[in-house]
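Could you walk me through this model in my viewer, one selection at a time? I would like to know what to pick next and what is there.

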Amino acid sequence: MLWPKNMPELPEVETVVRTLRPQVVGKTVRSLWTSGLPLRMARKLDHAVLRENCVGATIRAVRRRGKYILVDFASGKGVLVHLGMTGRLTVALEGEERRKHTHVVWALPGQRELRFVDPRRFGWVQAASRLDDLPEILALGLDPLEELDAEKLGDLLAASRAPLKAFLLDQHRLAGLGNIYVCEALFRAHLHPRVQACRARRQAVALMQAIRETLEIGIANCGTSFRDFVDATGTPGKNVEALQVYGREGEACTVCGRPVRRLVDAGRSTFYCGYCQRR
Ligand SMILES: [Zn+2]
């Protein structure tokens, strides 16, 4: 079987953050290396700014906002990382061969290196004096696990005529959901992906619960790994087995037994059950 594309979403990013913390917090960056190749949107990394902000800085915290990883330094400055489609942020021993497509390496004490690897180069790494003031962070909507509840979701739904799936994917409304967890949450809530958001407002409680369960299961399983995703120790996640519809076209729906269907919108697949999620 050809596995579907699998971009890191909230559970994968949260998994990287959680596995990165014990390896890097309290460590001081000794030196920095970059490949010089452009990453997301053909933008080049600003090596000078990265070096100036990182070298000599002590890592105070690692946290997540939406699908972004924020590495905070004791100085108040920090580094923003987005994994794009195939990005990996892992800690390796200095002597270990660098994987092809390694783009940034932060040397840490104890012969360790924090490495950013990204074959497809849709990811991004940027240093900033105040991470929370970066436009991409300011533009993020509510975190579905930390800031959202059924009432707020109901208000957001009532104000939108977008199809439900597009509504949930919009990072300006909710930050962190992507194709996999949206498909799974809609299946759990018995909602059709193309129903108008405002028409689903009465199902806000069920949808909120479905989003939360889907994400929590994803985190508990350390993320979904079809092909590329690994945590900060290089270990793939185990959530593929927990997926009920995503990547399961033609297989029996776990609720009604009818075959799972697939829709394609703008090159993106939506998996759903035409019976359990009828409009
Ligand atoms: Zn079904």
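Start by selecting helix α6, residues 179-188. This is a predicted model, and in it Asn179, Ile180, Tyr181, Val182, Cys183, Glu184, Ala185, Leu186 and Phe187 of α6 are buried. That makes 9 of the 10 residues of the helix, so α6 is mostly covered.

The SG atoms of Cys253, Cys256, Cys273 and Cys276 coordinate the zinc ion, at 2.3 to 2.4 Å. Along the sequence these donor residues follow the spacing C-x2-C-x16-C-x2-C. The angles among the 4 donor atoms run from 101 to 114°, and the site of the zinc ion is tetrahedral. For reference, the ideal angle for four tetrahedral donors is 109.5 degrees.

Are Cys273 and Cys276 buried or exposed? Cys273 has a relative accessibility of 1%, so it counts as buried. Cys276 has a relative accessible area of 11%, and is therefore buried as well; the cut-off for buried is under 20%.

Now for the rings. The structure holds 2 aromatic pairs. Take Phe226 and Tyr246 to begin with: their ring centres are 5.8 Å apart and the planes meet at 45°, so this pair is tilted. Both Phe226 and Tyr246 lie in the loop between α7 and β9 (261-265), so the pair ties together parts that are 20 residues apart in sequence. Phe226 counts as buried at 9% relative accessibility, and Tyr246 counts as buried at 5%.

Tyr246 and Phe271 are both buried. Show the three rings at once and you have one aromatic cluster, made of Phe226, Tyr246 and Phe271.

Two arginines are worth a click here. Select Arg278 and Tyr275: the charged end of Arg278 sits over the ring of Tyr275, 4.5 Å from its centre. Then go to Arg98, whose charged end sits over the ring of Trp33, 4.9 Å from the ring centre.

Move on to Asp265 in strand β9. Its relative accessibility is 36%, so Asp265 counts as partly exposed. Bring up Arg194 too, and you will find a polar contact of 3.1 Å between the side chains of Asp265 and Arg194.

For the last stop, select Met7, in the segment before α1. What is Met7 in contact with, leaving aside its neighbours within four places in sequence? Its partners are Glu12, Gly84 and Met85. Met85 is 78 residues from Met7 along the chain, and their C-alpha atoms are separated by 4.6 Å. Met7 has a relative accessible area of 37%, so this residue is partly exposed.

Definitions and conventions: Residues numbered from 1 in each chain as written. Predicted model: local features only at pLDDT ≥ 70, side-chain atom pairs only at ≥ 80, totals over all residues. Heavy atoms only, no water. Buried < 20%, exposed > 50% of the residue type's maximum accessible area, 1.4 Å probe, protein only. Helix = DSSP H or I, 4+ residues; strand = E, 2+ residues; numbered from the N terminus. Donors = N, O, S within 2.8 Å, 3.2 Å for Na, K, Ca; no water. Tetrahedral: all angles 85-135°; square planar, octahedral: opposite > 155°, others 65-115°. Phe/Tyr/Trp six-rings, centres within 6.5 Å; stacked < 30°, edge-to-face > 60°. Lys NZ or Arg CZ within 6 Å of the ring centre and 35° of its normal. Polar contact = N/O pair within 3.5 Å; in protein donor to acceptor, adjacent residues only side chain to side chain. Contact = heavy atoms within 4.5 Å.
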